[in-house]
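Good morning, and thank you for the time.

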Amino acid sequence: MLKHASRRHGAETGRRQTVYLGIGSNIGDRLTHLQEAVNLLDLLPDTCVTDVSAIYMTEPVGVIEQERFYNGVVKLDTGLSPDELRSHCKAIERNLGRPEQYIRWSPRVIDIDILLYGSLVMRNSVLSIPHEELTKRMFVLIPLLDLADPLHPALQCPVSSLLKQCPDRSVPVRLREGIAIPR
(Lines give C-alpha, C1' and ligand atoms only; values in the text may rest on other atoms or scores of the structure.)
Protein backbone atom coordinates (compact mmCIF):
# COMPACT_ATOMS: atom_id res chain seq x y z
CA MET A 1 0.00 0.00 0.00
CA LEU A 2 2.80 2.41 0.82
CA LYS A 3 4.43 1.84 -2.56
CA HIS A 4 1.13 2.52 -4.31
CA ALA A 5 0.50 5.70 -2.31
CA SER A 6 4.00 7.04 -2.91
CA ARG A 7 3.72 6.28 -6.61
CA ARG A 8 0.53 8.33 -6.82
CA HIS A 9 2.10 11.20 -4.91
CA GLY A 10 5.28 11.22 -6.99
CA ALA A 11 3.30 11.19 -10.21
CA GLU A 12 2.00 14.70 -9.65
CA THR A 13 5.13 16.23 -11.18
CA GLY A 14 4.48 14.89 -14.74
CA ARG A 15 1.74 15.68 -17.22
CA ARG A 16 -1.17 13.45 -16.27
CA GLN A 17 -3.60 12.00 -18.79
CA THR A 18 -6.89 10.18 -18.53
CA VAL A 19 -6.62 7.07 -20.67
CA TYR A 20 -9.21 4.45 -21.59
CA LEU A 21 -8.06 0.92 -22.42
CA GLY A 22 -10.13 -1.85 -23.93
CA ILE A 23 -9.51 -5.28 -22.41
CA GLY A 24 -10.71 -8.64 -23.65
CA SER A 25 -10.21 -12.38 -23.21
CA ASN A 26 -11.71 -15.53 -24.74
CA ILE A 27 -9.38 -18.32 -23.58
CA GLY A 28 -9.53 -20.11 -20.24
CA ASP A 29 -10.78 -18.30 -17.14
CA ARG A 30 -11.61 -15.07 -18.94
CA LEU A 31 -12.65 -13.10 -15.86
CA THR A 32 -9.47 -14.04 -14.02
CA HIS A 33 -7.33 -12.99 -16.99
CA LEU A 34 -9.08 -9.60 -17.09
CA GLN A 35 -8.59 -9.12 -13.33
CA GLU A 36 -4.89 -10.03 -13.62
CA ALA A 37 -4.47 -7.50 -16.45
CA VAL A 38 -6.13 -4.75 -14.38
CA ASN A 39 -3.95 -5.60 -11.38
CA LEU A 40 -0.80 -5.39 -13.53
CA LEU A 41 -1.92 -2.13 -15.15
CA ASP A 42 -2.30 -0.60 -11.69
CA LEU A 43 1.30 -1.54 -10.90
CA LEU A 44 2.72 0.35 -13.88
CA PRO A 45 5.01 3.27 -13.04
CA ASP A 46 3.31 6.66 -12.80
CA THR A 47 -0.09 5.01 -13.38
CA CYS A 48 -3.23 4.29 -11.38
CA VAL A 49 -6.38 2.40 -12.37
CA THR A 50 -9.22 4.74 -11.42
CA ASP A 51 -12.25 2.82 -12.71
CA VAL A 52 -13.31 -0.34 -14.52
CA SER A 53 -16.50 -0.84 -16.50
CA ALA A 54 -18.88 -3.73 -16.21
CA ILE A 55 -17.73 -6.81 -18.12
CA TYR A 56 -19.68 -7.90 -21.19
CA MET A 57 -19.83 -11.22 -23.01
CA THR A 58 -19.62 -10.60 -26.74
CA GLU A 59 -19.48 -12.47 -30.01
CA PRO A 60 -16.04 -12.74 -31.63
CA VAL A 61 -15.20 -10.48 -34.57
CA GLY A 62 -13.47 -11.77 -37.69
CA VAL A 63 -12.93 -15.45 -36.95
CA ILE A 64 -16.30 -16.50 -35.52
CA GLU A 65 -15.39 -20.15 -34.79
CA GLN A 66 -14.09 -19.42 -31.28
CA GLU A 67 -15.31 -18.82 -27.72
CA ARG A 68 -17.16 -15.64 -26.84
CA PHE A 69 -15.13 -12.79 -25.41
CA TYR A 70 -15.37 -11.06 -22.09
CA ASN A 71 -14.73 -7.35 -22.72
CA GLY A 72 -14.49 -4.22 -20.63
CA VAL A 73 -12.87 -0.81 -20.42
CA VAL A 74 -10.31 0.37 -17.87
CA LYS A 75 -9.84 4.03 -16.96
CA LEU A 76 -6.29 5.05 -16.04
CA ASP A 77 -4.61 8.15 -14.74
CA THR A 78 -1.07 8.07 -16.10
CA GLY A 79 2.05 10.09 -16.71
CA LEU A 80 3.36 7.52 -19.21
CA SER A 81 3.65 8.54 -22.85
CA PRO A 82 1.46 6.69 -25.37
CA ASP A 83 4.47 4.69 -26.61
CA GLU A 84 5.54 3.78 -23.07
CA LEU A 85 2.00 2.74 -22.19
CA ARG A 86 1.71 0.61 -25.33
CA SER A 87 5.00 -1.13 -24.53
CA HIS A 88 3.82 -1.88 -20.99
CA CYS A 89 0.47 -3.19 -22.29
CA LYS A 90 2.26 -5.53 -24.71
CA ALA A 91 4.50 -6.75 -21.87
CA ILE A 92 1.42 -7.47 -19.72
CA GLU A 93 -0.15 -9.40 -22.61
CA ARG A 94 3.01 -11.53 -22.97
CA ASN A 95 3.23 -11.99 -19.19
CA LEU A 96 -0.32 -13.37 -19.15
CA GLY A 97 0.39 -15.80 -21.99
CA ARG A 98 -0.35 -14.04 -25.26
CA PRO A 99 2.32 -14.76 -27.86
CA GLU A 100 4.21 -11.82 -29.32
CA GLN A 101 3.16 -12.79 -32.86
CA TYR A 102 -0.44 -13.81 -33.50
CA ILE A 103 -3.06 -13.94 -36.21
CA ARG A 104 -5.45 -11.01 -36.22
CA TRP A 105 -8.81 -11.81 -34.60
CA SER A 106 -7.52 -15.13 -33.28
CA PRO A 107 -8.41 -16.43 -29.79
CA ARG A 108 -6.42 -14.74 -27.03
CA VAL A 109 -5.80 -14.99 -23.32
CA ILE A 110 -5.72 -11.20 -23.08
CA ASP A 111 -5.99 -8.21 -25.38
CA ILE A 112 -5.25 -4.67 -24.20
CA ASP A 113 -5.81 -1.72 -26.55
CA ILE A 114 -5.41 2.01 -26.00
CA LEU A 115 -8.79 3.46 -26.96
CA LEU A 116 -8.39 7.11 -25.93
CA TYR A 117 -5.42 8.98 -24.48
CA GLY A 118 -6.65 12.35 -23.26
CA SER A 119 -7.44 14.49 -26.30
CA LEU A 120 -4.54 13.10 -28.31
CA VAL A 121 -4.89 12.20 -31.98
CA MET A 122 -1.91 10.31 -33.41
CA ARG A 123 -1.16 7.75 -36.09
CA ASN A 124 2.12 5.98 -36.71
CA SER A 125 3.21 2.53 -37.83
CA VAL A 126 2.49 0.89 -34.43
CA LEU A 127 -0.08 3.06 -32.68
CA SER A 128 -3.36 4.75 -33.60
CA ILE A 129 -5.06 6.96 -31.04
CA PRO A 130 -8.03 7.07 -30.86
CA HIS A 131 -8.20 3.36 -31.65
CA GLU A 132 -9.23 2.91 -35.28
CA GLU A 133 -12.01 0.41 -34.47
CA LEU A 134 -13.47 2.39 -31.56
CA THR A 135 -16.44 3.75 -33.52
CA LYS A 136 -17.30 0.33 -34.99
CA ARG A 137 -17.49 -1.86 -31.88
CA MET A 138 -20.42 -2.06 -29.46
CA PHE A 139 -18.22 -4.10 -27.09
CA VAL A 140 -16.00 -1.03 -26.71
CA LEU A 141 -18.54 1.81 -26.82
CA ILE A 142 -20.99 0.34 -24.28
CA PRO A 143 -18.43 -0.34 -21.51
CA LEU A 144 -16.76 3.00 -22.23
CA LEU A 145 -20.10 4.68 -21.54
CA ASP A 146 -20.27 2.82 -18.22
CA LEU A 147 -17.38 5.04 -17.13
CA ALA A 148 -17.85 8.36 -18.95
CA ASP A 149 -18.99 9.98 -22.16
CA PRO A 150 -15.67 11.35 -23.42
CA LEU A 151 -15.30 13.35 -26.59
CA HIS A 152 -13.77 11.49 -29.51
CA PRO A 153 -10.91 13.91 -30.21
CA ALA A 154 -10.68 13.27 -33.97
CA LEU A 155 -14.43 13.34 -34.66
CA GLN A 156 -15.27 15.97 -32.00
CA CYS A 157 -18.38 14.17 -30.82
CA PRO A 158 -19.23 12.34 -27.60
CA VAL A 159 -19.05 8.57 -27.43
CA SER A 160 -22.83 8.46 -26.78
CA SER A 161 -23.36 9.88 -30.29
CA LEU A 162 -20.98 7.30 -31.75
CA LEU A 163 -23.01 4.52 -30.13
CA LYS A 164 -26.16 5.71 -31.94
CA GLN A 165 -24.29 5.61 -35.28
CA CYS A 166 -22.41 2.36 -34.65
CA PRO A 167 -22.73 -0.13 -37.55
CA ASP A 168 -22.17 -3.08 -35.18
CA ARG A 169 -25.51 -4.72 -34.40
CA SER A 170 -24.21 -7.23 -31.85
CA VAL A 171 -25.70 -7.28 -28.36
CA PRO A 172 -23.11 -7.35 -25.58
CA VAL A 173 -24.45 -9.21 -22.52
CA ARG A 174 -23.56 -7.60 -19.20
CA LEU A 175 -22.18 -10.10 -16.69
CA ARG A 176 -23.09 -10.10 -13.02
CA GLU A 177 -19.44 -10.70 -12.14
CA GLY A 178 -17.06 -7.79 -12.42
CA ILE A 179 -13.47 -6.68 -12.04
CA ALA A 180 -12.21 -5.14 -8.81
CA ILE A 181 -10.24 -1.92 -8.83
CA PRO A 182 -6.90 -2.64 -7.12
CA ARG A 183 -6.34 -0.74 -3.88
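Lys 90 counts as buried, because its relative accessibility is 18%; buried means under 20% relative accessible area, exposed over 50%, and partly exposed in between, with a 1.4 Å probe and protein chains only. Please note that this is a predicted model, in which local features need pLDDT of at least 70 and side-chain atom pairs count only at pLDDT 80 or more, whereas totals for chains, interfaces and linings use all residues. Residues are numbered from 1 along each chain as its sequence is written, and side-chain values use heavy atoms, with hydrogens and water left out.

Lys 90 is found in helix H3; helices (H or I, at least four residues) and strands (E, at least two) are DSSP runs numbered from the N terminus. Leaving aside residues up to four places away in sequence, Lys 90 touches Tyr 102 and Ile 112, contact meaning heavy atoms within 4.5 Å.

Next, the largest pocket. Its lining comprises 39 residues, and Lys 90, Tyr 102, Asp 111, Asp 113 and His 131 lie nearest its centre. A pocket is an open set of points on a 1 Å grid over the protein atoms alone, where a 1.4 Å probe fits, with protein on both sides within 12 Å along at least five of seven lines; lining residues have an atom within 4 Å of a point.

Finally, Val 173 belongs to strand E10 (residues 173-174) and counts as partly exposed, at 43% relative accessibility. Val 173 touches Ile 55, Tyr 56 and Met 57, not counting residues up to four places away in sequence.
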